[in-house]
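Please open the structure in your viewer and keep the selection tool at hand.

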Amino acid sequence: MSRTGYSLEVALADLIDNSIDAGAKEIEYGTLSVSGKIKYVYISDNGSGIQSISDALSIRQNPDNQQNSRLGRYGVGLKAASFSLGRSLILASRSNGDDQAACVEIEEYEKEYSYRTLPVSASEKFFPLVISPRNGTGTAVIIGRLEAMVPGSDQSQSALQDELNACESYLSMIFHRFIEKNRIRIYVANRESVAGFPYLYERRALKPVNPFGYSSPGDPAYPLNLLVDVGTFVVPIRCHIWPKQGSGRAEREQNYALGGGSVKWQGLYFYRYDRLVQCGGWAGLASTEPHMSLARVEVDLPPGSDGQFRPTITKDAIQNVSLITQALQMRPEFTRYRSAAQKAYRTKLPSVSAPKGVIEKKVISLPVIEAFRGKLVISEWGQKELSSAQQDAAMQLARGFLANRPRASLASNCLEIDRLIRRLLKMPIDE
Ligand SMILES: Nc1ncnc2c1ncn2[C@@H]1O[C@H](COP(=O)(O)OP(=O)(O)OP(=O)(O)O)[C@@H](O)[C@H]1O
Ligand SMILES: [Mg+2]
């Protein structure tokens, strides 16, 4: 069951789905360390609590999932996503005033689906993780024995922390509609166990990242709303064209550069009950190429259409979308949309000369650290704005960060370093 095709971010999203289905308004995920070492990754909420731990741990469809608008479907996410992160799973849940807790080790679970119920005394230290609930209910899913992810050394500890940090933008995008509509708040936190109590060390709320959140469209005739009839369902689709972006990261609008190069963010975005399941890719409708980079298509899967458009078990893609793509292919509006998106991409931007003294091509992250021929240099901006003690601290942090990731290139980590430094120096993070 372990590592069943989940990446860290996809596993966290699947566990957050469960909290949303339980009606949680507040959800927190993060690390719980013991003596400075990350021992657990957890997700906690103030939802309705787990009604029956034995049902939650069985692999079977929850009959409630037949209702429209539940994000859960298959009855496997809790187990599969948790065991993709670590080899033990502790559940601590409060429902209708009852405290229940259980501990599941993967070896026993894989052999005979067995688990141990924990006495409240043994599980006490985990209950404070359940978000202080108004109605007295909530759940914490605590994943331990992280050795699959963290083989014990300090180096991999910081790699895990980096990986968790990298999940933030994905989760902010997947759940952006929920956060924008104030249906939920998601916090990312670090906690340290002090005398058995999960003391809160650091916590911040995720801000929504809307992949269609541009300032104005790249063509005034867009976005274009289409209703695509696929027989049993009518699928509402919105074709967007982003405005042409500058080539440097700092010149791009925030929600355009979603990480990992803009080309891969073109294509179809499938929402299922407001939760983004698939982000980009054309599913055969067009080829992914730079000229189509500004084209993003928002598709709202109709309620009750899971049988037709099947979410994968890991909920990061939708299968069987050919009915939608074929119908789109036939629409002349869609052909015009593709040409308009390409035209917007070819638009020449007025050239902006780089401020004097800035190393034009090699600047990756303007404000603090620049990668220049593989060396770390504090940017001119940094030299002006930071005291020499702050510059030293920034440089030390950047070196420490890179030392822990021997295979990572400086260029690909520049932004992450920049963010760490801004956090260290308590500077605003937005570019
Ligand atoms: N945070 C939670 N709060 C309350 N109940 C939960 C929570 N997490 C899981 N459960 C219960 O455990 C059941 C099993 O969860 P699991 O994620 O394995 O399956 P699912 O959500 O029903 O379907 P899917 O596999 O599609 O996620 C859920 O249906 C729900 O009843
Ligand atoms: Mg689930």
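What is the order of the strands in the open sheet of five strands? Bear in mind that this is a predicted model. The order is β9-β10-β13-β11-β12, and the pairing is mixed.

**The sheet.** Select β9 (224-229) and β12 (275-279), the edge strands, each of which pairs on one side only. From one strand to the next, the twist averages 25 degrees. To find a bridge, select Phe270 together with its partner in β12, Gln278.

**The helix across the sheet.** Next, select helix α9 (residues 332-346). This helix lies across β9, β10 (234-241) and β13 (295-301), and it runs at about 20 degrees to β10.

Move to the loop between β8 (197-205) and β9, where Pro223 lies. The peptide bond from Tyr222 to Pro223 is cis, with omega near 5 degrees. This deserves a stop because most peptide bonds are trans.

**Two tyrosines.** Most residues other than glycine have a negative phi. Select Tyr273, in the loop between β11 and β12. Although Tyr273 is not a glycine, its phi is positive, at about 50 degrees. Then select Tyr113, in the loop between α4 (106-112) and β5 (116-117). Tyr113 is not a glycine either, and has a positive phi of about 55 degrees.

**The nonpolar cores.** Finally, turn to the largest nonpolar core, which has 81 residues. Select Ile16, Tyr42, Val141, Ile142 and Leu171, the members that touch the most other members. Helix α1 (residues 8-21) gives the most to this core, with seven residues. Where does this core lie in relation to domain 1 (8-205) and domain 2 (224-346)? Both domains give residues to the core, so it lies between them.

Stay with Ile16 and show its contacts. Leaving aside residues up to four places away in sequence, Ile16 touches Ile27, Ile43, Leu171, Phe175 and Ile186. For the last stop, select Ala398, Ile417, Leu420 and Ile421, which are among the seven residues of a second, separate core.

Technical notes. Residues numbered from 1 in each chain as written. Chains lettered and ligands numbered in written order. Predicted model: local features only at pLDDT ≥ 70, side-chain atom pairs only at ≥ 80, totals over all residues. Core = buried A, V, L, I, M, F, W, Y, C linked by C-beta atoms within 7 Å. Buried ≥ 20, exposed ≤ 12 C-beta atoms within 10 Å, placed from the backbone. Helix = DSSP H or I, 4+ residues; strand = E, 2+ residues; numbered from the N terminus. Domains from an automatic or database assignment. Contact = placed C-beta atoms within 7 Å. Pairing = 2+ DSSP bridges. Axes fitted to C-alpha atoms, helices over the stretch in contact; angles between N-to-C directions.
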